[in-house]
Amino acid sequence: MRFRTSLAAVLGALALAVTLPASSASAATGQFSFTYERDGKTLQGYLSDPRARSCIDLDEVAGTDTTPAHSPRNRTNSIATVFTDLDCEGKSFALKAGGGHGGAGLKFRSVVFNQ
């Protein structure tokens, strides 16, 4: 009797684990894009389904010899806050979820998604 109860509990826990949403790994859904300059060329950078609640330094503009990114477009389901410096430091600006954007004057090097 005890074996059946234990087996039922294990099977119940397994069924529950399988039905939990896979997105519990804390990520914003959608795409965040930005513009940056490299070797005299204007390029586009993208973050697809970025991790949430942790600072993301943009590799494309992390070097001391690079200019900051600009013209962000937030097409994620999360508010994106961009920062002028690496490690989400310096001045910040929040971009609303689902289409928030900024122009060429909005310079940044890191971003965090609140979802």
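This is a predicted model: local features need pLDDT of at least 70, side-chain atom pairs count only at pLDDT 80 or more; totals for chains, interfaces and linings use all residues.
Contact here means heavy atoms within 4.5 Å. Leaving aside residues up to four places away in sequence, Ser 33 touches Gln 44, Gly 45 and Tyr 46, together with Ser 71, Pro 72, Arg 73 and Arg 75. Ser 33 belongs to strand β1, which covers residues 30–38. Because buried means under 20% relative accessible area, Ser 33, at 4% relative accessibility, falls into the buried class.

Strand β1 forms part of an open sheet of four strands, arranged in the order β2-β1-β4-β7 with antiparallel pairing. The edges of this sheet are β2 and β7, the latter comprising residues 100–101, and each edge strand pairs on one side only. Strands of a sheet pair through backbone hydrogen bonds, in either a parallel or an antiparallel manner. Strand β4, residues 70–76, runs antiparallel to β7 and is joined to β7 by two bridges. Within this region, Arg 73 stands opposite His 101 of β7. Arg 73 is also one of the residues that Ser 33 touches.

A further antiparallel pair is formed by strand β5 (residues 80–85) and strand β6 (residues 89–95), with five bridges between them. Val 82 has Phe 93 in β6 as its bridge partner. The two strands β5 and β6 make up a hairpin in which three residues lie between them. In the turn of this hairpin, Asp 87 adopts a positive phi of about 60 degrees.

The model contains one disulfide. This disulfide joins Cys 55 to Cys 88, with an S to S distance of 2.2 Å. The link of Cys 55 and Cys 88 is right-handed, with 95 degrees about the S-S bond.

Regarding confidence, the protein has a mean pLDDT of 86, and 78% of its residues reach 70 or more. Over residues 13–24, however, the pLDDT is below 50. Beyond near neighbours in sequence, the stretch of residues 13–24 has zero contacts in the model.

Key. Residues are numbered from 1 along each chain as its sequence is written. Side-chain values use heavy atoms; hydrogens and water are left out. Buried means under 20% relative accessible area, exposed over 50%, partly exposed in between (1.4 Å probe, protein chains only). Two strands pair if DSSP finds at least two bridges between them. A disulfide is a pair of cysteine sulfur atoms within 2.5 Å. pLDDT is the predictor's confidence in each residue, from 0 to 100.
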